[in-house]
Amino acid sequence: MGELKRQSHGDQSDWDSLLAVSEEFGELPVEAVFKEDMLRQGIWFADRVLAPEGDYARKSYFIFSFDRTPLKDLGETPKVQAPEEIRVEGGPRDLAPFVVSVRLNPNSPYLVDVGSDAEGGCEIFLAGQTVGHVSFAPTPSYYGRETSDGTPLVEVAPSIEWGYLLYLTVFRMCQYFGRGEECQFCDINNNFRQQREEERIYNAVKPLDRVMEALEIIEEKENRSLAYTLTGGSITSDLLGETEMDYYVKYAEAIEKRFPGRWIGKMVVQALPLDDVRRIAEAGIRVYHPNYEIWDADLFEKLCPGKARYVGRSEWIDRILASTDLFDPYCVIPNFVAGIEMAQPYGFTTEEQAWESNAEALDFFMSQGVLPRFTTWCPEPLSVLGQDNGPASLRYHVGLLKFYREAFERNNVPDPLGYGDVGLGRAVFSVSSFMDVLRPESERVQKGGSE
Ligand code: SF4
């Protein structure tokens with residue numbers, strides 16, 4: 001094969017800093033270090049690996065943009081042909097497979113391009129040096145189909161996590177509007193606008209009938225999906241005459257009535273009063289996600305002004321804990337967005353301060369059986385914080401994985417439900433590495449207390 005020219009960014013310093021972090025946290029697999037770095041920095045693709053005829057799942061923009069660049073500034077090929085996720089494995093370090101959600105960034109030091117070995121195929125390069133072989137997310141068997149009103153199923157019910165999870169964003173906007181209310185790291189409303197400006201089919205509201213019709217087709221054609229997430233923006237007043245609870249719970253009720261137990265039902269809504277949460281549990285939802293986003297009290301006020309004003313931090317926390325009367329505590333899984341606590345001008349200025357805050361949150365919840373999880377922040381330029389901030393340091397993100405695993409094992413919490421397998425080489429959760437670094441229970445028992 002002749003010499004291939006690659007348009008790679010970055011230099012040896014990218015490798016030096018990555019290897020230094022990997023050495024500092026030597027108890028964590030290097031795969032998790034690469035994955036966190038790809039999530040925080042985004043990745044880029046050579047046009048030649050994004051063939052229109054390629055059989056793989058394209059990026060569906062399932063809720064936020066999760067890109068480091070607005071759509072209008074992306075080239076036509078990546079804008080349309082970028083995959084939803086990639087899986088990296090092998091390479092010079094013989095990496096175990098890990099799945100990474102695609103966050104497009106033309107300036108990333110990570111480039112997916114044609115590989116240099118004789119077998120062909122794609123590889124991912126960091127500053128021009130091979131990290132590992134790459135495969136693209138497989139196409140779910142129902143992609144390409146439409147509901148009877150002509151809506152593509154990929155718009156109604158995209159699959160992520162390598163096909164494990166159906167992602168049902170049934171309200172693609174949020175009623176926390178503008179700088180004074182929106183969570184400052186979130187681009188849901190601006191992403192909706194940019195999708196519409198691109199003239200994509202991207203509906204604010206997904207009618208119940210359409211979702212149910214899509215699930216009928218999926219149920220018939222797709223065996224891989226094992227869970228669904230019902231989610232969308234907050235509803236502070238009403239949406240089409242319904243409260244947040246009335247709006248979201250009707251989907252759960254209909255799905256569980258028609259397909260009882262077929263999938264593990266998960267719902268992301270605000271921390272709601274107990275009577276509302278009871279309706280979620282009674283509908284058959286198994287996992288409740290009242291996302292607290294950030295732990296520190298001052299930062300919560302500044303970064304989640306809408307949640308702070310409408311519910312308030314201490315009430316939010318009380319409601320999370322109260323919901324354990326209705327769900328198994330480990331099935332109450334509030335998310336936090338890892339990295340926003342280091343964004344300026346408000347955030348912590350050292351990793352140690354941020355870890356301390358995270359560790360306090362993890363022990364507070366896990367000691368009561370609640371199982372927080374995190375996603376790795378993508379500083380989207382259409383969000384308030386993402387306009388002026390890059391990502392948190394790789395050292396912060398990898399250190400957080402260590403704190404997370406230690407808290408998880410110390411508090412003896414069961415594996416999260418609805419996330420697929422835990423463990424290196426098995427995890428499919430693609431927007432952080434927390435599932436990759438959790439050890440299977442058999443290894444935990446053997447190693448318990450040794451750290
Ligand atoms: S509640 Fe916050 S994070 Fe959730 S959609 Fe609204 S603005 Fe975004």
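What percentage of the 451 residues of the protein count as buried? It comes to 49%. Keep in mind that this is a predicted model. Counting up its secondary structure gives 16 helices and 13 strands. The radius of gyration is 21 Å, close to the 22 Å that the globule rule gives for 451 residues, so the protein is as compact as a globular protein of that length.

**Overall build**

- Along its principal axes, the C-alpha trace covers about 65 × 55 × 45 Å.
- If you take the contacts with a separation of 6 or more, 76% of them link residues 24 or more positions apart.
- There are two domains to keep track of: domain 1 runs over 12-136 and domain 2 over 153-443.
- The centres of domain 1 and domain 2, taken over C-alpha atoms, sit 23 Å apart.

**Where the two domains meet**

- On the domain 1 side, 39 residues are in contact with 40 residues of domain 2.
- α1 (12-24), α2 (30-41) and β3 (95-101) each put at least two residues into the side of domain 1 that touches domain 2.
- α2 makes the largest contribution to that side of domain 1, with nine residues.

**The six-stranded sheet**

- Six strands make an open sheet with mixed pairing, in the order β1-β4-β5-β6-β2-β3.
- β1 and β3 are the edge strands, and each pairs on one side only.
- Further in, β2 (residues 85-90) and β6 (residues 129-136) are antiparallel and share four bridges.
- To find that pairing in the model, look for Ile-86, whose bridge partner in β6 is Phe-136.

**The five-stranded sheet**

- The other open sheet to look at has five strands in the order β7-β8-β9-β10-β11, again with mixed pairing.
- β7 (159-160) and β11 (287-289) are at the edges with a single partner strand each, so one side of each has no neighbour in the sheet.
- β7 pairs with β8 in the antiparallel sense, over two bridges, and Ser-159 stands opposite Leu-166 in β8.
- α7 packs on this sheet, where it touches β8, β9 and β10, and its direction makes about 175° with that of β10.
- β9 and β10 run parallel, joined by four bridges, and here Tyr-228 stands opposite Gly-265 in β10.
- Four of the five residues of β10 are buried, so this strand is largely enclosed by the rest of the structure.

**A closer look at helix α7**

- α7 (residues 244-258) is 15 residues in length and reaches 22 Å from its first C-alpha to its last, close to the 21 Å expected at 1.5 Å a residue.
- Its buried residues are Glu-244, Tyr-247, Tyr-248, Val-249, Tyr-251, Ala-252 and Ile-255.
- What do the buried residues of α7 pack against? Their partners are β8 (165-171), α6 (208-221), β9 (227-232), β10 (264-268) and α8 (274-283).

- Leu-74 belongs to the loop between β1 (44-45) and α3 (76-81).
- With 19 other C-beta atoms within 10 Å, Leu-74 is partly exposed; a residue needs 20 or more to count as buried.
- Apart from neighbours within four places in sequence, Leu-74 is in contact with Thr-69, Lys-79 and Leu-104.
- Leu-74 and Ile-320 are 246 residues apart along the chain, and their C-alpha atoms are separated by 40 Å.

- Most residues other than glycine have a negative phi, and most peptide bonds are trans.
- Tyr-61 has a positive phi, near 50°, and is found in the loop between β1 and α3.
- Is Tyr-61 buried or exposed? Tyr-61 is buried, because 22 other C-beta atoms lie within 10 Å.
- Glu-199 also has a positive phi, near 60°, and is found in the loop between α5 (188-197) and α6.
- Glu-199 counts as exposed, with 7 C-beta neighbours inside 10 Å.
- The peptide bond from Gln-344 to Pro-345 is cis, with omega near 20°, and Pro-345 is in the loop between β12 (335-338) and α12 (351-366).

How values were computed:
Residues are numbered from 1 along each chain as its sequence is written. This is a predicted model: local features need pLDDT of at least 70, side-chain atom pairs count only at pLDDT 80 or more; totals for chains, interfaces and linings use all residues. The radius of gyration is taken over C-alpha atoms; the globule rule is 2.2 Å times the number of residues to the power 0.38. A residue is buried if 20 or more other C-beta atoms lie within 10 Å of its own, exposed if 12 or fewer, and partly exposed in between; C-beta atoms are placed from the backbone. Two residues are in contact if their C-beta atoms, placed from the backbone, lie within 7 Å. The expected span of a helix is 1.5 Å times one less than its number of residues. Two strands pair if DSSP finds at least two bridges between them. Axes are lines fitted to C-alpha atoms, for helices over the stretch in contact, and angles run from 0 to 180 degrees between N-to-C directions. Domain bounds come from an automatic or database domain assignment.
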